[in-house]
Amino acid sequence: MSAGSRFDRTAERYAAMAATRDWTGFVEWCDPGPDDRALDVAGGPGSLAAALRPQVGSITVLDTSARLLEFVPEGIGRSLGRAEQLPFDDKSFDLVTCVNSLHHIARPPRALDEMARVLAPGGRIVLEDFIADDDPGRARRWEEIERLRDPEHGRLITAGEPRVPLLGAGLDLDAEEMWLRVFEVDPWLELAGCAGSAAEHARELIGGPTFELRVWRARFRRPA
Ligand SMILES: C[S@@+](CC[C@H](N)C(=O)[O-])C[C@H]1O[C@@H](n2cnc3c(N)ncnc32)[C@H](O)[C@@H]1O
């Protein structure tokens, strides 16, 4: 497991930031029901799970960071494990979520296969993540910046990439949307514990106090 991962090292800072997010819009997208068995994959400190908890039957957070899982509130299940090998039975959840994490997971298609495997008939998978630039040169340059910030960064997914494994597994794409999010460079670097020459180099490459990334959100359904 990833004892000593970037998220273990920066757990308090990350949990404090995650607690400030307003999850109202995301929760609506989940279309939660009182009997739902929900799973938040790579759910970190459980802030989404805490927002979903009153509207579902049960919810579990799975993550590789033991330190982040310590922040998951009471009444929510915790599972130390990898998204690429979910320790759950087939068809055992009605709602599976994964937010801002596919770009940290070493093998996103494998994690998506696993999310589809544990999803019961009639269930939903709701994903949100940052999307790579359509221009391959700009995308490569951004990956360089991301790795300066966090050497454990995987790669940003490309637009529509999760559709391939999920539609292949028999799910339907129910809804999707994309928008731009503006980041301030300094807090973004600090959140990941990036300082010194790596931070200087990243600032130089970004070339300004802010930057924008595209965010993609989608809901997939398994027919009943
Ligand atoms: C940017 S955080 C997002 C956490 C949470 N979903 C949120 O939005 O606040 C990425 C999370 O992915 C977790 N992670 C990284 N690789 C993972 C893997 N292979 N399986 C499960 N979790 C993983 C990290 O420990 C971290 O909690």
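Predicted model: local features only at pLDDT ≥ 70, side-chain atom pairs only at ≥ 80, totals over all residues.
**Strand E6**

I started with strand E6 and asked how many of its residues are buried. For burial I counted C-beta atoms placed from the backbone: 20 or more others within 10 Å of a residue's own means buried, 12 or fewer means exposed, and anything in between is partly exposed. Strands (E, at least two residues) and helices (H or I, at least four) are DSSP runs, numbered from the N terminus.

Residues are numbered from 1 along each chain as its sequence is written.

I then looked at what E6 pairs with, and found 12 bridges to strand E7 (residues 210-221), running antiparallel. Across that pairing, Glu 177 stands opposite Arg 217 in E7.

**The sheet**

Next I traced the whole sheet. It is open, with 7 strands in the order E3-E2-E1-E4-E5-E7-E6 and mixed pairing. Its edge strands are E3 (77-80) and E6 (172-184), each of which pairs on one side only. Neighbouring strands are turned by 15° against each other on average, direction ignored. I called two strands paired if DSSP finds at least two bridges between them. Axes are lines fitted to C-alpha atoms, for helices over the stretch in contact, and angles run from 0 to 180 degrees between N-to-C directions.

At the E3 end, 4 bridges join E3 to strand E2 (residues 58-63), and these two run parallel. One bridge I checked has Asp 63 with Leu 80 of E3 as its partner.

**Helix H6**

Which residues of helix H6 (residues 108-117) are buried? I listed Pro 108, Ala 111, Leu 112, Glu 114, Met 115 and Ala 116. They pack against strands E1 (37-41), E4 (93-99) and E5 (119-131), and also against helix H8 (163-168). Contact here means C-beta atoms, placed from the backbone, within 7 Å. H6 lies across E1, E4 and E5, at about 155° to E5.

Ala 120 is in strand E5. It counts as partly exposed because it has 16 C-beta neighbours inside 10 Å. Leaving out residues up to four places away in sequence, Ala 120 touches Lys 91, Ser 92, Phe 93 and Asp 94.

Lys 91 has a positive phi of about 55° although it is not a glycine. Most residues other than glycine have a negative phi. With 13 C-beta neighbours inside 10 Å, Lys 91 is partly exposed.

Asn 100, in the loop between E4 and H6, also has a positive phi, about 50°. Asn 100 is partly exposed, with 16 other C-beta atoms within 10 Å.

**Ligand shell and overall numbers**

I counted 19 residues around the ligand, the closest being Phe 7, Ala 42, Gly 44, Ser 65 and Ala 83; a residue is near if its C-beta atom, placed from the backbone, lies within 6 Å. The shell divides into 8 nonpolar, 8 polar and 3 charged residues. Ala, Val, Leu, Ile, Met, Phe, Trp, Tyr, Cys and Pro are nonpolar, Asp, Glu, Lys and Arg are charged, and the others, Gly among them, are polar.

Last, I noted that the protein has 10 helices and 7 strands, and that 37% of its 224 residues count as buried.

Technical notes
Contact = placed C-beta atoms within 7 Å.
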